[in-house]
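Welcome! Below is a short tour of the structure, starting with the ligand and ending with the strands.

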Amino acid sequence: MNYHRYIDVDVVNGPGTRCTLYVAGCEHHCPGCYNASTWPLNSGHPFCDALADQIVADLNDTRIRRRGLSLTGGDPLHPENVPEVLKLVRRVRAECPGKDVWMWTGYTFEALTSAQRELAQMVDVLVDGRFVQELADPELLFRGSSNQRLIEVGKV
Ligand code: SF4
């Protein structure tokens, strides 16, 4: 898996102060996408164990308290990304107690494959669906267009 950017202290992508990872690869190609440079799977830089170690350490850093991890992109649920993101989320669940995980995807929850769903069900909140320019609304919290949903996966 490749990634574009890692922000160790982020207050924009999700609630509270967070760590945010932008992965590479998205097959949705929504018109008006704010992050089209992330579409190719081979764009950005290779994700590695050292970065996973850093994310875990940052989430556990008591000097700057983070509420959790945000996974965006690109699409963390792109089939090519699922195994590596699953590994990362499993580590966060095991090694970062009390931290939440938010994930943004262009797929709708109902359309997920079983592998995608296994991963999606490990996060706290899934923001799902493609960005639809006609439904864009800057007043919406944590999503770009009104078709997208904030799904508390544990309650589904
Ligand atoms: S799903 Fe997100 S990253 Fe992918 S094209 Fe749509 S807006 Fe861009």
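## Around the ligand

Ala, Val, Leu, Ile, Met, Phe, Trp, Tyr, Cys and Pro count as nonpolar, Asp, Glu, Lys and Arg as charged, and the others, Gly among them, as polar. By that scheme, the ligand's shell holds four nonpolar, seven polar and two charged residues. The ligand is surrounded by 13 residues, with C26, C30, C33, G106 and F131 the closest; a residue is near a molecule if its C-beta atom, placed from the backbone, lies within 6 Å of it.

The model is predicted: local features need pLDDT of at least 70, side-chain atom pairs count only at pLDDT 80 or more, and totals for chains, interfaces and linings use all residues. Numbering runs from 1 along each chain as its sequence is written.

## Helix α2

Helices are DSSP runs of H or I with at least four residues, and strands are runs of E with at least two, numbered from the N terminus. V82, V85, L88 and V92 of α2 are buried (20 or more other C-beta atoms within 10 Å of their own; exposed means 12 or fewer, partly exposed in between, with C-beta atoms placed from the backbone). They lie on the same side of α2, because they cover an arc of only 130 degrees around the axis, taken from the directions from the helix axis to the C-beta atoms. P83, R90 and A94, on the other side of α2, are exposed.

## Strand β4

β4 runs parallel to β2, joined by five bridges, and parallel to β5, joined by four; strands pair if DSSP finds at least two bridges between them. In β4, G68 stands opposite R18, and L71 stands opposite M103 in β5.
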